[in-house]
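Biologist: I have the model open. Walk me through it, please.

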Amino acid sequence: MSNDGKQHTNGNGHRHLHEIAGRIATAEFETPDPKAEIEEAVRLILLNVGEDPQREGLLRTPHRVAKMYDELLEGYHQDVATLINNAMFEVEYGAGEMIVVANIDYTSMCEHHMLPFTGKAHVAYIPREKVVGLSKIPRIVDMFARRLQMQERLTNEIADALQEHLDPLGVIVVVEGQHSCAALRGVKKHGLDMITTAKRGQFRTDPALVQEFYRLAGI
Ligand SMILES: [Zn+2]
């Protein structure tokens, strides 16, 4: 009897393990569908704020929101190396002169409230040997902006990416931002601007360079 019982238990145990192994194997082959899960999450939000997700105006809202996040947060699927690949050039440029790219519009999303903040980024660097194609700098700004962000970190990440990939003599990044979470919620100061800066290399030690940057960028 006890022998039977033991065999029975072993049999179950084995079957159980097979089931788990099977489930793991299936999970590996199943394509995860993040969009469907975001849609489900939005449906839950709608329900829990007291809405009816089945009412006509809201029927496609989960789908729209998932699509919107896909676009606004596409930066998670990008990296700087791929982005600037083949767009770096060795150029003879005046020793110690800066290259300024000003007034880059960006749209980001604050990580505390998942509400947008928008504004302009201004970037300059002093090349050592390498320069990067002009269009790549706004794309680097966009890549970091299209993630859940804090303006302070966004500013630093742009500066660090340029420092790492171009090895310039100096980098400066100034970001202006208007945060809808501040405008919509308690603060209610519309048009409030937040300005953040990040300096690397010569911009840290030479205030005259910083002044020249501000003059050239017109900010
Ligand atoms: Zn916020």
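**Loops, sheet and helix packing**

Biologist: Where is Asp167 found?
Modeller: Asp167 is in the loop between α6 (151–166) and β6 (170–179). Residue numbers start from 1 along each chain as its sequence is written. The model is predicted, so local features need pLDDT of at least 70 and side-chain atom pairs count only at pLDDT 80 or more, while totals for chains, interfaces and linings use all residues.

Biologist: What is phi of Asp167 near?
Modeller: Near 45°, a positive value in a residue other than glycine.

Biologist: Why does Asp167 count as partly exposed?
Modeller: Because Asp167 has 13 C-beta neighbours inside 10 Å. A residue is buried with 20 or more other C-beta atoms within 10 Å of its own, exposed with 12 or fewer, and partly exposed in between; the C-beta atoms are placed from the backbone.

Biologist: And Met114, what is its phi near?
Modeller: Phi of Met114 is near 55°, a positive value in a residue other than glycine. Met114 is placed in the loop between β2 (99–110) and β3 (116–126).

Biologist: Buried or exposed, Met114?
Modeller: Exposed, with 12 other C-beta atoms within 10 Å.

Biologist: On to the sheet. In what order do the five strands come?
Modeller: The order is β5-β2-β3-β6-β7, in an open sheet with mixed pairing. β5 (148–149) and β7 (194–201) stand at the edges, each with a single partner strand, so one side of each has no neighbour in the sheet. Two strands pair if DSSP finds at least two bridges between them.

Biologist: How many bridges for β2 and β3?
Modeller: Nine, in the antiparallel sense. Ser108 has Phe117 of β3 as its bridge partner.

Biologist: How many bridges join β3 to β6?
Modeller: Ten, and these strands run antiparallel. Ile126 is bridged to Gly170 in β6. On to β7: β6 and β7 pair over eight bridges, in the antiparallel sense, and there Val174 has Thr197 of β7 as its bridge partner.

Biologist: Why is β6 called largely enclosed by the rest of the structure?
Modeller: Because eight of the ten residues of β6 are buried.

Biologist: Now helices. Which strands does α5 lie across?
Modeller: α5 (residues 136–145) lies across β2, β3 and β5, running at about 20° to β2. Axes are lines fitted to C-alpha atoms, for helices over the stretch in contact, and angles run from 0 to 180 degrees between N-to-C directions.

Biologist: At what angle do α5 and α6 cross?
Modeller: Roughly 135°, with the axes coming within 10 Å. That makes α5 oblique to α6. Under 35 degrees counts as roughly parallel, over 145 as roughly antiparallel, 65 to 115 as roughly perpendicular, and the rest as oblique. The crossing of α5 and α6 is right-handed; that is the clockwise case, whereas a crossing is left-handed if the near helix is turned anticlockwise from the far one by less than a right angle.

Biologist: Which residues make the contact?
Modeller: Ile140, Val141, Phe144 and Ala145 of α5, and Leu154, Glu157, Ile158 and Ala161 of α6. Residues are in contact if their C-beta atoms, placed from the backbone, lie within 7 Å. By class, the contact of α5 with α6 has seven nonpolar, no polar and one charged residues. Ala, Val, Leu, Ile, Met, Phe, Trp, Tyr, Cys and Pro count as nonpolar, Asp, Glu, Lys and Arg as charged, and the others, Gly among them, as polar.

Biologist: Val141 next. Buried or exposed?
Modeller: Val141 is buried, with 26 other C-beta atoms within 10 Å. Leaving aside neighbours within four places in sequence, Val141 is in contact with Ile104, Tyr106, Ala121 and Ile158.

Biologist: What about α2 and α3, at what angle do they pack?
Modeller: α2 (residues 34–48) and α3 (residues 61–72) pack at about 125°, axes 8 Å apart. They are therefore oblique to each other, and α2 passes α3 in a right-handed crossing.

Biologist: Last one. How many helices and strands in the chain?
Modeller: Nine helices and seven strands. Of the 219 residues, 22% count as buried.

How values were computed. Helices (H or I, at least four residues) and strands (E, at least two) are DSSP runs, numbered from the N terminus. Two residues are in contact if their C-beta atoms, placed from the backbone, lie within 7 Å.
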